[in-house]
Amino acid sequence: MTEEHATLLQGGRVVSADGEYDADVLIVGEKIAAVGEVEAPPGATVIDVAGCRVMPGLIDNHTHLSMPFMGMMSSDDYNTGTQAAAAGGVTCLVDFAIQREPDQLRSALAEWQGRADGAAHVDYGFHMAITNANEATIDDMAAIVDAGVSSFKLFMAYKGELMTRDDAMTACMERARDLGALTMVHAENGDVVDLLVKRALHAGQTDAIHHALTRPEFVEAEATSRAARLSEYTGASLFVVHVTCAAAAAEVQAAQQRGVPVSAETCTQYLVNTIDDLRRPGVEGCRYICSPPLREASNHEPLWDYVQRGILESVSTDHCPFTNEQKARGLENFSLVPNGLAAIQHRLAKLWDEGVVAGRITPSQLVDRTSTTIARRFGLEDKGAIAPGKDADIVVFDPSAPRDYGTHTSFMNVDYDIYDGETASGSVRHTLSRGTMVYDQGKIVSEPGHGRFVARAGAAVGATA
Ligand code: URP
Ligand code: ZN
Ligand code: ZN
């Protein structure tokens, strides 16, 4: 038997969800072997990480790689998207496989497995988005859970394309409950959005800003409240994705206070960007079109507070990139702009600056909200912590190595960067996936196919897990 290679990350400061301490981290093969004052074993690779924070690799539980959407395909595939992930310190993502009529769920899962297999640089799992909840689909849910996909997503918006109605939603939630799986929802009232969009276009309001104006906060808050009530009625555990505003977060909190098993996330962009980004001229404004939309800046402090208190328990990216050319399709009609932001690479650097440096969250809270809690919620048992026996999924972050945002530093497959011209105060130095260096000081050094599918156990459920 060949001896497994050892790597020692020496002299760094380990950040866990519970605290920070100076420690070396010994990796043997794919696992963390020891944390503390560790002597390098003979033949080990020693990496000096003095001055750096050593954190569990981030997990992004909300991505859309190669997603067919609004007649287009999101522009990052599993190769480019996972390179960008690694460059941003992300070592595992959970992507949405989407049921596509008339296909049932198993064929959708096979399609997404085929896309990822042999292409990914970091590990990945899937959620299954149900878009046509007929009897056969609901039957298929058990096979999906057996395949290691223990969460189902329902869209309450995107009428005519992805939207699920309340009757089907209730039936899916009951089935998910019986299977011990998690139901995730995109919470916007799709009927009201549809009405407001039609009215706006009829009135000649076609610019990007009208995307946001036709999806007001109450549309999200109402759907969040409705989903929570269905969770309360069915007993199904619910995870509300991409909460954007205080009004919707308040509905999550109210449900949690009633003891309903509801948990929720927000995304980096809702903590950092505002509705005014959609007022930028031409295609620039279209780059910021996502759903639910970016909100008024007055939501930032309340959202950070919900994150800090753990009511919004995690922060993901909802990475769903489209190029300038794809975005420009809606220059004359905002409703044709493919929805989604290119964001997977920027979460750590942005949350570090706007969260930690700004004094809104601690480094440990950052680790918790971007890795540890996500691992627990989504059943990623080997991930999310720096501890012996866990996968050696590690990001080494140098808080005093600034890095400019821009296409020259981005690995995302888009021809712009939403933070172009800004500088992050710190940057990722190394990203290791199961002990293998994937990103090393500005370069991707792994091969496509290093990343593996991670079968997930039944998701952790309950409001406060
Ligand atoms: O605009 C967004 N968020 N695009 C991706 C699909 C979704 O709704 O999550
Ligand atoms: Zn969504
Ligand atoms: Zn999404």
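My entries below go through the ligands one by one.

**Entry 1: the model.** I am working with a predicted model, so I read every distance here as a computed value.

**Entry 2: surroundings of ligand 1.** I began with the neighbours and found 13 residues around ligand 1. Tyr158, His186, Ser291, Asp318 and Asn339 are the closest of them. Sorted by class, this shell holds seven polar residues, five nonpolar ones and one that is charged.

**Entry 3: polar contacts of ligand 1.** Which atoms of ligand 1 pair up with His64, His186 and Asn339? For His64, I noted a polar side-chain atom 3.1 Å from an oxygen atom of the ligand. For His186, an N or O atom of the side chain is 3.0 Å from a ligand oxygen. With Asn339 the backbone takes part instead: one of its polar atoms there lies 3.1 Å from a nitrogen atom of ligand 1. I then checked the cover: on its own, ligand 1 has 260 Å² of accessible area, and the protein covers 100% of it. As for the location, ligand 1 sits in the second largest cavity.

**Entry 4: the zinc ion (ligand 3).** I looked up its protein donors and got His62 (NE2), His64 (NE2) and Asp318 (OD), at 2.0 to 2.1 Å. Along the sequence, these donor residues follow the spacing H-x1-H-x253-D. Why is the arrangement around this zinc ion tetrahedral? Its four donor atoms subtend angles of 86 to 134 degrees, and the class requires all angles to lie between 85 and 135 degrees.

**Entry 5: the zinc ion (ligand 2).** Here I found His186 (ND1) and His242 (NE2) coordinating the metal, at 2.0 to 2.1 Å. The angles among the four donor atoms run from 56 to 149 degrees, so the arrangement around ligand 2 is irregular.

**Entry 6: linking the sites.** I asked how far apart the two zinc ions, ligand 2 and ligand 3, are. The separation is 3.8 Å.

How values were computed: Residues numbered from 1 in each chain as written. Chains lettered and ligands numbered in written order. Predicted model: local features only at pLDDT ≥ 70, side-chain atom pairs only at ≥ 80, totals over all residues. Heavy atoms only, no water. Near = heavy atom within 4 Å. Polar contact = N/O pair within 3.5 Å; in protein donor to acceptor, adjacent residues only side chain to side chain. Areas by Shrake-Rupley, 256 points an atom, 1.4 Å probe, with all protein chains shown as cover. 1 Å grid on protein atoms, 1.4 Å probe; cavity = no way out; pocket = protein on both sides within 12 Å on 5 of 7 lines; lining within 4 Å. Sits in = over half its atoms within 2 Å of the grid points. Nonpolar A, V, L, I, M, F, W, Y, C, P; charged D, E, K, R; others polar. Donors = N, O, S within 2.8 Å, 3.2 Å for Na, K, Ca; no water. Tetrahedral: all angles 85-135°; square planar, octahedral: opposite > 155°, others 65-115°.
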